[in-house]
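This briefing concerns a structure with two chains in contact. Please consult the sequence and the coordinates alongside the text.

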Amino acid sequence: MTDPVEPAAAGAANPAPPALSEDTRADAPARNQWWDVWDQFKTHKGAVMGASFFIFVVAAVYIGPYIWTIDPTYIDIRARNQGPTWAHPFGTDQLGRDMLARMMAGGQTSISVGLTAMALALFLGTLVGVLAGYFKRIDGLLMRLTDLFLALPLLPLLLVMVMLFRQPLSASFGPETGIFILIVVAIGITSWMPTARIVRGDVLALKEREFVLAARSIGTRPGRMILRHVLPNVMSPIMVSATLGIATAIITESALSFLGLGFPPDFPTWGRLLFDATDFMQQHPERVMWPGLAISLTVLSVNYMGDGLRDALDPRIRGL
Amino acid sequence: MLTYTIRRLLTAIPTLIFISLIIFLLLDMAPGDPTAQLPLTIPPEVREQIRQSLGLGEPVHIRYLLWLKQMMWSEPMFYLSQATGWFDPPETARLISWQTRAPVMDTIFERLPQTIMVVGLSYVVGVLIALPIGIISAYKQYSVFDQTGTFVSMIGFSIPPFFSGVLMIIIFSVSMDRDSFWWFPSIYDTTLVVDSWETFKTQVRQMVLPVMVLALQTTAQISRFMRASMLDNLNQDYVRTARAKGMTESVVVLKHVLRNSMIPVVTVIALGIPAIFGGAIITEQIFKVNGIGQFLIVSIQASDVPSVQTLTFIFAVLIVFFNLIADILYGILDPRIRYD
């Protein structure tokens with residue numbers, strides 16, 4: 001957790017020129033605002049455990065395949081439906097494919113969908129939020145748009161979108177990339193609204209502060225004002241939204257896969273593995289457990305991380 | 001208050017029209033063809049006539065307006081005339097599903113009782129469990145009870161229904177003895193007619209698992225809200241005043257604090273009602289409850305555009321309606337936020 005927080009910290013915390021903030025970091029690593037945040041974050045046991053577990057899962061699914069080199073699509077029909085053995089620690093599925101390898105391949109897809117969709121939702125939400133908060137003229141329009149999106153029935157629309165665009169996108173980008181783009185975009189454009197609302201609220205409050213007035217009085221243009229002065233100061237709600245966004249995106253992707261409307265059947269994701277395993281629930285209940293536990297524990301760890309981050313970033317709590 | 005309510009009602013209308021436009025246009029692009037399922041021996045010109053008769057020949061905006069009229073006027077009038085008999089049903093054709101060739105609304109009304117029974121009951125159960133948990137957690141902040149409650153609600157947040165549901169089935173349907181008390185059926189039997197004590201017991205037993213899965217999620221969310229809201233109020237000055245006046249602790253907590261804390265919680269409860277219909281799609285699929293959520297999935301898989309349009313629109317109406325209720329409730333309960 002140190003790595004993502006620190007570098008973002010030095011640049012984001014001070015609205016000062018980057019060269020100066022580099023200096024402060026090198027000379028006096030001590031009392032940057034983000035060190036306080038990190039200190040507070042460390043005291044939240046659940047958050048630290050969640051962060052370590054999330055890093056462990058990410059490492060396991062991305063580095064694991066280099067150590068556990070069995071091909072997840074290799075069919076060994078003689079070894080089908082095996083329980084956990086040394087050759088296959090998680091057992092094998094009904095076609096004799098190694099479950100551990102499939103879990104890692106599925107995790108790669110699920111986590112990269114989660115991260116990309118979160119990034120897209122965050123980008124859209126921050127864009128709308130900052131624009132609405134900063135420019136009074138388009139505030140009403142953008143917030144009505146946000147309200148409209150919030151009133152849409154999201155899961156049905158997601159299902160409909162996946163059904164509609166599956167064929168054309170698969171045809172033009174290949175089945176895997178096409179569905180990846182489709183699912184990321186679908187999740188991204190249906191989950192940016194909470195971020196937009198929170199960011200707008202914060203920007204509205206920031207606009208009344210003296211340093212914004214000072215910056216404006218020396219003739220700072222709106223674009224520069226947003227990038228240099230406003231955006232760094234709304235980082236904390238954005239970061240909290242980011243962690244929660246990962247959790248939502250992973251769950252949504254798995255739900256789509258579980259309903260049979262996600263990735264193609266031969267392309268494993270955690271949701272898809274869970275869906276396939278439900279057919280053999282009576283004979284091999286453990287096969288349901290692996291993907292289910294992976295989804296739940298990843299989401300749980302991300303949620304704990306978000307919880308700790310929110311406490312750490314809230315100055316009212318940090319003071320205690 | 002009345003002007004506020006009327007203003008909120010009026011703003012709901014353009015919202016609904018806009019949402020209906022989005023839903024209609026999205027589904028209008030659907031690749032499915034209603035004549036694709038018909039035998040190949042039908043000559044192309046007849047096939048074209050069938051498409052025309054389903055109303056597919058008109059330009060988009062005409063079809064949208066016709067659909068809107070049918071959704072907003074013809075269908076409600078039909079049911080009104082059926083229910084009251086004051087006037088003849090409208091002459092226009094009903095909204096027909098491409099998949100079942102039956103009126104979409106009839107199918108929805110057939111399936112609505114199951115959804116309301118399972119989903120509605122689970123919501124009530126969830127709220128009833130969540131409120132005391134939230135109150136005690138806040139009153140005894142950082143106690144063992146609070147820590148446990150936080151952990152359990154975190155788990156409720158994190159375990160998606162498609163895993164908790166499957167897990168329940170494994171525990172209570174697969175691994176339990178068939179004769180034991182703790183065995184519960186994993187499939188919801190809609191054909192069951194409740195007419196005796198025995199069938200009532202069967203009905204209750206088959207509702208246990210889906211209700212548990214849905215209630216876990218509701219409990220997790222509402223108890224968090226209740227706790228946060230109670231904590232906000234417990235540190236207020238009026239609480240100190242009440243204690244200083246010598247009121248008993250139960251009066252302070254249950255009368256003064258609870259009433260004020262309930263204001264945001266009540267609106268959250270109202271806002272959660274349409275969301276639970278959306279979440280129930282997955283739960284209905286797992287436990288094979290043939291409610292509206294399951295109907296939506298079946299219609300999507302069969303590219304049955306009229307059914308999907310109608311269902312999505314009904315979900316949207318529910319969301320807008322309960323948003324409205326939440327806003328009005330907030331205005332009634334907390335006079336400080338009224339706009340007028």
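The points below cover the fold of chain A, the record annotations, selected helix packing and the contact between the chains.

The model is predicted. Chain A contains 15 helices and 0 strands. Its contact with chain B takes 31 residues from chain A and 37 residues from chain B.

**Overall build of chain A**

- Of the 320 residues in chain A, 42% are buried.
- Among contacts in chain A with a separation of 6 or more, 69% are between residues 24 or more positions apart.

**Annotations from the record**

- An unreviewed UniProt entry places the feature "transmembrane region" at residues 47-68, 111-135, 147-165, 177-199 and 230-251 of chain A.

- Helix α13(A) is mostly covered, with 7 of its 9 residues buried.
- The buried residues are W270(A), G271(A), R272(A), L273(A), L274(A), F275(A) and A277(A).
- The cover over these buried residues includes α5 (99-134), α12 and α14 of chain A, and α6 (161-174) of chain B also takes part.

**Packing of α5 and α14 within chain A**

- The axes of α5(A) and α14(A) come within 11 Å and cross at roughly 25°.
- The two helices α5(A) and α14(A) are therefore roughly parallel to each other, and their crossing is right-handed.
- From α5(A), M99(A), M103(A), G106(A) and G107(A) meet R287(A), W290(A), P291(A) and A294(A) of α14(A).
- By class, this contact between α5(A) and α14(A) has 5 nonpolar, 2 polar and 1 charged residues.

**The side of chain A that touches chain B**

- Chain A puts 31 residues into the contact, against 37 residues from chain B.
- On the chain A side, the elements giving two or more residues are α6 (136-151), α7 (154-173), α12 (235-258), α13 (270-278) and α14.
- Helix α7(A) gives the most to this side, with 9 residues.
- By class, the side of chain A that touches chain B has 24 nonpolar, 7 polar and no charged residues.

**Packing of α14 of chain A on α5 of chain B**

- Helix α14 (residues 286-313) of chain A packs against helix α5 (residues 144-158) of chain B at an angle of about 125°, with the axes 9 Å apart.
- That angle makes α14(A) oblique to α5(B).
- The crossing of α14(A) and α5(B) is right-handed.
- The residues of α14(A) in this contact are S296(A), V299(A), L300(A), N303(A) and Y304(A), which meet M154(B), I155(B), F157(B) and S158(B) of α5(B).
- By class, the contact of α14(A) with α5(B) has 6 nonpolar, 3 polar and no charged residues.

Note on methods:
Residues numbered from 1 in each chain as written. Chains lettered and ligands numbered in written order. Predicted model: local features only at pLDDT ≥ 70, side-chain atom pairs only at ≥ 80, totals over all residues. Axes fitted to C-alpha atoms, helices over the stretch in contact; angles between N-to-C directions. Helix = DSSP H or I, 4+ residues; strand = E, 2+ residues; numbered from the N terminus. Parallel < 35°, antiparallel > 145°, perpendicular 65-115°, else oblique. Left-handed = near helix turned anticlockwise from the far one by under 90°. Contact = placed C-beta atoms within 7 Å. Nonpolar A, V, L, I, M, F, W, Y, C, P; charged D, E, K, R; others polar. UniProt positions renumbered as here; feature names shortened; annotations may be inferred. Buried ≥ 20, exposed ≤ 12 C-beta atoms within 10 Å, placed from the backbone.
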